[in-house]
Amino acid sequence: MLPTTRQKDIFDLRLERSAADLWPMLDQLYGNDPRYPQMRSDLLTQMRKAWAARPADLKTLDLQRDLEPDWFQRPQMVGYVFYIDRFAGNIRGIHDKIDYLESLGVTYVHLMPCLKPRAGDSDGGYSVQDYRRINPVYGSMTDLQDLSKALRARGMSLCIDMVLNHTAKEHDWARKAAKGHPVYQDFYLMFDDDTLPKAYEKTLIEIFPDNAPGSFSYYEDLDKWVWTTFNEHQWDLNWANPQVFLEIASVMMFLPTKVSMCCGWMRWLSCGNAWAPAASLNQRCI
């Protein structure tokens, strides 16, 4: 393993190379928010900790991919996507399918939603209750870690889904918001009356018009309207809040390092909806 000082040097060099892509974007998005300086400092701290905690072999892989930034776009890349339960029953069952995947020339395996969803209707797993736990029906974090290592040993990367637009209303942040905690209410898009929701509805396109019409849900116990683009149980996150960016970034660093360890990449979902409030009052969009 490289000495700690050398690891810090590598992190600093990688950060310097990517700084022009990261900081100006965040400055533009959040620079006028008084919470931004603390968020920026906390983000940098979390990035350093995530790098320090990353296993040595994965740091080497990171550096290799730095030299080949288009590695996932190359013509020899072959993906295979599936729902875990339908393909193999659970995560452990996928081990028995690796020979088959290798025979097809697969270079990355994409698991459909595997993070812990809300109970009952979960929009196929996309209504996430806990980003830091695996759906217990499929297995555990350790199971996912073991699978990722087994795949990488056979030349395959692992891809998992990461929902960015919303959480389940049962997520810890949403539960705190529902109890009236102002910090967590600002994690979501909540309105004291229906004036703005009605204005937005004029141009928003319904995602599920038959079974989940509209884009807002009224909660009598809260006496508030909540932006729910997809389903009533999926509360849209407020990406204008820099703390939301920080929390989701923390999850993105946690999953490859702590949960799957060898996770190659994540598919980010519903990105186009995350900033809808900035554009949808006067133009048609989703």
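Trainee: What should I know before I start?

Mentor: This is a predicted model, where local features need pLDDT of at least 70, side-chain atom pairs count only at pLDDT 80 or more, and totals for chains, interfaces and linings use all residues. Residues are numbered from 1 along each chain as its sequence is written, and side-chain values use heavy atoms, with hydrogens and water left out.

Trainee: How do I read a helix, and what span does α3 reach?

Mentor: Helices (H or I, at least four residues) and strands (E, at least two) are DSSP runs, numbered from the N terminus. The expected span of a helix is 1.5 Å times one less than its number of residues. Helix α3 covers residues 56-67, which is 12 residues. From its first C-alpha to its last it reaches 17 Å, close to the 16 Å expected.

Trainee: Which residues of α3 are buried?

Mentor: Buried means under 20% relative accessible area, exposed over 50%, and partly exposed in between (1.4 Å probe, protein chains only). In α3 the buried residues are Leu-58, Lys-59, Leu-61, Asp-62 and Arg-65. Seen down the axis of α3, these buried residues fall within an arc of 160°, so they line one face of the helix. The arc is that of the directions from the helix axis to the C-beta atoms. Thr-60 and Leu-67, on the other side of α3, are exposed.

Trainee: In which sense do β2 and β5 pair, parallel or antiparallel?

Mentor: Two strands pair if DSSP finds at least two bridges between them. Strand β2 (residues 108-111) pairs with β5 in the parallel sense, over 4 bridges. His-110 stands opposite Cys-159 in β5.

Trainee: How many salt bridges does the structure hold?

Mentor: A salt bridge is a side-chain nitrogen of Lys or Arg within 4 Å of a carboxyl oxygen of Asp or Glu. The structure holds 19 salt bridges. Take Glu-102 and Arg-154, whose closest N and O atoms are 2.9 Å apart. This pair links distant parts of the chain, 52 residues apart: Glu-102 is in helix α5 (residues 98-103), and Arg-154 is in the loop between α6 (141-153) and β5. Glu-102 is partly exposed because its relative accessibility is 37%. Arg-154, at 31%, is partly exposed as well.

Trainee: Glu-170 forms a salt bridge with which residue?

Mentor: Glu-170 pairs with Arg-118, with closest N and O atoms 2.9 Å apart. Glu-170 lies in the loop between β6 (166-168) and α7 (172-178), and Arg-118 in the loop between β3 (115-117) and β4 (128-134). Glu-170 is buried at 15%. Arg-118 is buried at 13%.

Trainee: Which residues are linked in a network of salt bridges?

Mentor: Lys-8, Asp-12 and Arg-48 are linked in such a network.

Trainee: How many disulfides does the structure hold?

Mentor: A disulfide is a covalent bond between the sulfur atoms of two cysteines. The test used is a pair of cysteine sulfur atoms within 2.5 Å. The structure holds 0 disulfides.

Trainee: Are Cys-114 and Cys-159 buried or exposed?

Mentor: Cys-114 is buried, at 1% relative accessibility. Cys-159 is buried, at 6%.
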